[in-house]
Amino acid sequence: MLDKIKKLLEEINALSATTPEEAEALRIKYLSKKGEITALMTDFRSVPAELKKEVGMRINELKNRAAERINELKAAAAIKEDTDDELDLSRTAYPLHLGSRHPLSLVKNEIVDIFSRLGFTLAEGPEVEDDWHVYSSLNFADDHPARDMQDTFFVEAHPDIILRSHTSSVQARVMETTQPPIRVICPGRVYRNEAVSARAHCFFHQIEGLYIDKNVSFQDLKQVMLIFAQELFGPETQIRLRPSFFPFTEPSAEMDVSCTICGGKGCSMCKGSGWLEILGCGMVDPAVLESNGIDSSVYSGYAFGMGIERIANLKYQVRDLRMFSENDKRFLEEFTSAY
Ligand code: PHE
């Protein structure tokens with residue numbers, strides 16, 4: 001009897017099945033009412049009393065092992081069947097978890113898209129820059145406060161190699177390698193030595209625009225800015241230009257759009273004024289054209305620059321700037337769009 005059990009145990013351990021049906025057939029063969037293991041119970045009656053305990057234990061072990069083995073075979077065969085039918089073209093597709101674009105990418109793409117419809121092409125430049133492209137070629141005086149350690153990150157205390165603090169450095173790079181007509185839009189990340197808070201960060205993103213050709217006037221700038229604002233914020237949007245100063249533009253202006261929340265009536269977003277500041281712009285200073293190898297007696301141009309976070313804040317009312325760089329999935333998953 002013990003020999004018979006041992007033989008059956010070996011048989012069970014060596015079983016195999018390729019389909020769940022085969023595994024089920026094995027269950028019937030061994031474990032059903034008329035199965036081989038069940039049949040052992042009939043023989044058990046004739047086992048001498050002193051051996052009954054041991055034989056009983058062995059039969060139980062065999063039964064458990066057989067059930068376990070056959071279940072294993074069934075599970076493995078079921079998985080195999082599941083993967084084997086990859087070619088079932090009628091099967092419902094697995095749900096696809098698509099990611100969403102980062103809100104800053106959405107806004108950047110939308111802005112780039114608007115300007116590409118106006119004939120601007122993309123240009124990019126390095127984030128680790130030299131003083132010439134970030135400041136000197138753009139008419140910044142040697143003692144301009146932006147060059148200060150408070151504002152600028154220096155690379156390994158090298159006075160000439162810095163992290164760009166605005167995308168205007170890309171203007172400089174485009175001008176030195178291209179003769180007009182130039183019409184470029186330059187998105188990118190910029191760095192400033194600021195304490196990180198809800199309202200300021202040590203890095204953020206800007207988009208720069210530059211247009212240089214014969215007879216480019218302030219009127220062209222104003223018209224393009226109006227089209228841009230209405231495309232981005234809606235056809236009712238108004239703009240206003242306020243005199244300002246940048247070393248590389250003359251005249252310079254700060255541009256406001258009518259408040260995107262209250263439409264100009266005055267609310268907490270625009271602090272009651274009805275206007276929101278969104279960008280800096282102006283006519284490229286002739287001195288900048290000259291230091292970048294462009295004849296200022298023939299050509300004129302305009303430039304503008306804006307912070308992408310600022311625009312994203314207006315569009316999505318993100319209260320804390322740090323949200324943009326923390327990669328919190330709950331925040332990122334809120335943004336879906338065609339861009
Ligand atoms: N570079 C300026 C800034 O960072 C923005 C600007 C760009 C202003 C181009 C005028 C023209 O604030």
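User: Before we start, where do the domain bounds come from?
Analyst: Domain bounds come from an automatic or database domain assignment. Here that assignment gives domain 1 (2-84) and domain 2 (103-338). Keep in mind that this is a predicted model: local features need pLDDT of at least 70, side-chain atom pairs count only at pLDDT 80 or more, and totals for chains, interfaces and linings use all residues. Residues are numbered from 1 along each chain as its sequence is written, and side-chain values use heavy atoms, with hydrogens and water left out.

User: How many Å apart are the C-alpha centres of the two domains?
Analyst: The C-alpha centres of domain 1 and domain 2 are 77 Å apart.

User: OK, the ligand. Which residues come nearest?
Analyst: H166, S168, R192, Q206 and E208, out of 14 residues around the ligand. A residue is near a molecule if one of its heavy atoms lies within 4 Å of it.

User: What does the side chain of H166 do there?
Analyst: An N or O atom of the H166 side chain sits 3.1 Å from a ligand nitrogen. For R192, the side-chain N or O atom is 3.0 Å from a ligand oxygen, and Q206 also has a side-chain N or O atom 3.0 Å from a ligand oxygen. Taken alone, the ligand exposes 330 Å², and the protein buries 88% of that (Shrake-Rupley areas, 1.4 Å probe).

User: Which element gives the largest share of the shell?
Analyst: That's β9, with three residues. α7 (168-177), β5 (203-213), β8 (275-284) and β9 (300-307) each supply at least two. Helices (H or I, at least four residues) and strands (E, at least two) are DSSP runs, numbered from the N terminus.

User: Switching topic: how many disulfides are there?
Analyst: Zero in the whole structure, where a disulfide is a pair of cysteine sulfur atoms within 2.5 Å.

User: Where is P181, and what is its peptide bond from P180 like?
Analyst: P181 is in the loop between α7 and β4 (182-191), and the bond from P180 is cis, with omega near 5°. The E250 to P251 bond is cis too, with omega near -5°, and P251 lies in strand β7 (residues 249-258).

Definitions and conventions:
Polar contact = N/O pair within 3.5 Å; in protein donor to acceptor, adjacent residues only side chain to side chain.
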